[in-house]
Amino acid sequence: MVEAIVSTKDSRFKVHDSRTGAKLQNLGEVEGKVAERRVTGIGELDRVLGGGLVPGEVVLLIGEPGIGKSTLLTQLALRITNTVYVCGEESPSQVKLRVERMSSLHTRYAMDSLKMLAETDVDAVIGTIEKVELSLLIVDSVQTLFTSQLPGLAGSISQIRECTARLINYAKARNVPVLLVGHVTKEGEMAGPKVLEHMVDAVLELTGDRYYDLRLLRTQKNRFGATDEVGVFRMGESGMEEVNNPSEVFLSEREEGAVGSAIAVVMEGTRPVLVEVQALVVDSELPVPRRVATGIDVRRVQILLGVLQKYTRLSIGTKDVFVKVAGGITVKEPAVDLAITLAVASSASGKPLPKTAAAVGEVGLLGEVRSVNFMEKRVKEATKLGYTTVYSRDNYRKVSELVKILKR
Ligand code: TYD
Ligand code: MG
């Protein structure tokens, strides 16, 4: 049972004060302004937001602890004048230490225009910021907020929901964009209610592997933009750095002409990205050989092994097969099939693929290479990075034909 506030007399930001009757409106009469966006200056963030922050927009940024949410938002706060940063999680001095760690030339000036608010009572927060001219409100994190009008600890479902509702009312009434930080558990669930995701305008998720410095910012929902955009960052010594050309990062440690390596071009949002698929095929000592995949669904690998077994002369039935996407990224797209197949075939046969070759395509159960979307974009990106041959449905119809190139 979750207690909630039905209606309060002092909820100061009700859009309609006198609800004697709601007004019916013709859609034609509805004012339909194209919202003017505010570019944040962090290109990868703007990309994910759909071109900048919309006035009155409420964005929820979720991610595991330690992934870099506070770092990213501190950087954002330093770029936009008249920002208030509500720090419920850390003390203002901790935030200052972080800023000093990220120090660059502009921070001295920027630090003076960034206002910290160490307060977790949501009504006190709104009461305070109402008096100041504001262009952005950051709340780190929504789980630390509470209202004294409800019982229960900060972080409980009813508290989170009510505090968010009040902040949304504030944002809409004052046309100030609000960024909320939310924690997620290891399983990727928002710690607290799922219901928040329905209340806010956009949900961004910061993901990454703790042991790699790469961070991906994805949209789960966006009322003001596309949901398939991905921002790529690196957690560096001085904060989150934008990665404008992800392919170069993924391929930076690639050994050219190595056996068991194939390049795939996958789509991250609307952007083609080159990744390296690595395979290792070795004799198994187990009655049931191992099939291990990192960054790819292992079932997908098993299907492709079946296809190789049936339609080529490679015998992998008694081998252990390990497949991995280098760089700590996860690929879900079927377009990576062909690269997986070729990487495995390369390792099994001990022959490398041509140095300048990439592969794009889904592989069907009949051993056929299937076409995928955005082919032109993918080929262009591959060519740009020196991969002038792209194997796909356009030049090979069957996996068996393609595997023969390893014989040469
Ligand atoms: P943080 O933004 O505090 O994570 P979150 O708010 O999502 O919990 O990031 C914390 C981690 O980032 C911490 O392990 C230290 C690391 N870090 C860097 O590597 N470089 C930096 O410049 C900063 C500020 C933090
Ligand atoms: Mg934090």
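A search of the whole structure, which is a predicted model, finds 19 salt bridges. The domain assignment of the chain gives domain 1, covering 36-244, and domain 2, covering 249-407.

**Salt bridges**

- Side chains of opposite charge can pair when their charged atoms come close.
- Arg47 is paired in this way with Glu229, and the closest N and O atoms of this salt bridge are 3.4 Å apart.
- This pair links distant parts of the chain, since Arg47 sits in helix α1 whereas Glu229 belongs to the loop between β7 and β8, 182 residues apart.
- Between domain 1 and domain 2 the count is two salt bridges.
- Glu44 and Arg271 form a salt bridge in which the closest N and O atoms are 3.0 Å apart.

- On the side of domain 1 that touches domain 2, the elements giving two or more residues are α1 (43-49), β7 (214-222) and β8 (230-236).
- Of the elements on this side of domain 1, β8 gives the most, with four residues.
- By class, the side of domain 1 that touches domain 2 is made up of six nonpolar, two polar and six charged residues.
- In terms of contact, 14 residues of domain 1 meet 10 residues of domain 2.
- The two domains bury about 970 Å² between them, and 51% of that area is on carbon and sulfur atoms.
- Four residue pairs are found in polar contact across the interface of domain 1 and domain 2, with both residues of each pair at pLDDT 80 or more.
- The C-alpha centres of domain 1 and domain 2 lie 38 Å apart.

**Surroundings of ligand 1**

- There are 15 residues around ligand 1, and of these Gly66, Ser70, Thr71, Gly236 and Gly239 come nearest.
- For Gly239, a backbone N or O atom lies 2.6 Å from an oxygen atom of ligand 1.
- Gly68 likewise has a backbone N or O atom 3.0 Å from an oxygen atom of ligand 1.
- A polar backbone atom of Glu237 is 3.1 Å from an oxygen atom of ligand 1.

**Backbone details**

- Most residues other than glycine have a negative phi, and most peptide bonds are trans.
- Asn82 has a positive phi, near 60°, although the residue is not a glycine, and its place is in the loop between α2 (69-79) and β2 (83-87).
- The peptide bond from Asp140 to Ser141 is cis, with omega near 5°, and Ser141 is found in the loop between β4 (136-140) and α6 (157-174).

Definitions and conventions:
Residues are numbered from 1 along each chain as its sequence is written. Chains are lettered from A and ligands numbered from 1 in the order in which they are written. This is a predicted model: local features need pLDDT of at least 70, side-chain atom pairs count only at pLDDT 80 or more; totals for chains, interfaces and linings use all residues. Side-chain values use heavy atoms; hydrogens and water are left out. Domain bounds come from an automatic or database domain assignment. Contact means heavy atoms within 4.5 Å. Buried area is the accessible area (1.4 Å probe) that two parts lose on being put together, summed over both. A salt bridge is a side-chain nitrogen of Lys or Arg within 4 Å of a carboxyl oxygen of Asp or Glu. A polar contact is a pair of N or O atoms within 3.5 Å; within protein, one must be able to donate a hydrogen and the other to accept it, and residues adjacent in sequence count only if both atoms are side-chain atoms. Ala, Val, Leu, Ile, Met, Phe, Trp, Tyr, Cys and Pro count as nonpolar, Asp, Glu, Lys and Arg as charged, and the others, Gly among them, as polar. A residue is near a molecule or strand if one of its heavy atoms lies within 4 Å of it.
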